[in-house]
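The chain is shown first.

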Amino acid sequence: MKIFITRPIPQAGIKLLRDKGYEVLVNEAAKERGAEKEEILVGIKGADALLSTLTEKIDVQIMDAGGPPLKIIANMAVGFDNVDLEAAKQRGIMVTNTPGVLTDTVAEHTFALMLALSHRIVEADKFTRAGLYRAWGPMLLLGSDLSGKILGIVGLGRIGSRVAYHAVKGFGMKVLYTDVKRDENFEREFGAQFFENIDDLLPHCDYVSLHVPLTGGTLHLIDERRLKLMRTSAYLINTSRGPIINEKALAKALKEGWIRGAAIDVFENEPKVEPGLLKLNNIILTPHIASATEETRGKMAALAAKNIIEALEGRTPPNLIK
């Protein structure tokens, strides 16, 4: 069996595959960048399985380039909007993802962004490095408290639920949430309040954290109209998918003070960032690293490998996308 991996991943996944006796080809050229399509088209020839990452668009051309039909596309990510699921289904190719193992890590990063925003950590660091710190001052770089504030969760999946846990248990925050379905058990456990409509949720929140998948219905979910629904003192955090926010509208909102600040780990046209955002001090930008810990990336690689092994041995992978 031959497996093609689109770019270098942690050794935990590669070792699992090689220990099974599979031929594993890793596209080493893509170590510092996303894999180029031509590299995938060449590397996938003769492959039984493809281990992809979210930076590659796995389309019909790639699926048909291997010669023998692929048995599985194992996406090393929670999201799978980079894979043409319908085309895979038509060809009988299984598609898997790597959910669960990164829940805590992404929730931690979300909170790191919230804390950095509210206490102006990035601004303070730049201020100090620039030699501007002369003396303690009662009005110097005033931020806002996180404790006791209202957090709006948009999308109550694994990560959204874990963020809510930290908010309530660690900071005594009040949680409001919106999702495609209501979770009354969650409401009882965390004292949370459900909103059917995001438009009704936004005006009540001090912080809004996005945790929805990218679909036709969530593309530009946060646009100019909805940014204007938020409090002028509110903060927006996105660790889900970039195109959920209209970045031009966000730049305008931050510049004109519709909201107080934002922190985003994902971008609408990755790796490009809306130029207007780069000029602002009231936004924190991180390069899609919410799951970037040694422990979690190792677990993601291993889970992707396990999905491949199960498929190639004739069993149903644990994370099959249906």
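Two residues are in contact when heavy atoms of theirs lie within 4.5 Å. With that cut-off, 60% of the contacts in the protein chain between residues at least 6 apart in sequence join residues at least 24 apart. The model is predicted.

## Overall form

The protein chain holds 13 helices and twelve strands. Its C-alpha trace spans about 65 × 50 × 35 Å along the principal axes. A compact globule of 322 residues would have a radius of gyration near 20 Å, and the 21 Å of the protein chain agrees with this.

## Surface and charge

Of the 322 residues, 50% count as buried. The accessible surface of the protein chain is about 15,500 Å², and carbon and sulfur atoms account for 53% of that area.

## Backbone details

Most peptide bonds are trans, and most residues other than glycine have a negative phi. The following cases depart from that pattern.

The peptide bond from E270 to P271 is cis, with omega near 5 degrees. P271 sits in the loop that runs between β11 (261–264) and α12 (275–278).

R120 is not a glycine, yet has a positive phi of about 55 degrees. R120 belongs to the loop between α5 (103–118) and α6 (121–129). With a relative accessible area of 25%, R120 is partly exposed.

H288 also has a positive phi, near 55 degrees. The loop that contains H288 lies between β12 (283–285) and α13 (294–312).

Definitions and conventions
Residues are numbered from 1 along each chain as its sequence is written. This is a predicted model: local features need pLDDT of at least 70, side-chain atom pairs count only at pLDDT 80 or more; totals for chains, interfaces and linings use all residues. Side-chain values use heavy atoms; hydrogens and water are left out. Helices (H or I, at least four residues) and strands (E, at least two) are DSSP runs, numbered from the N terminus. Buried means under 20% relative accessible area, exposed over 50%, partly exposed in between (1.4 Å probe, protein chains only). The radius of gyration is taken over C-alpha atoms; the globule rule is 2.2 Å times the number of residues to the power 0.38. Accessible areas come from the Shrake-Rupley method with a 1.4 Å probe; for residues, only the protein chains shown count as cover.
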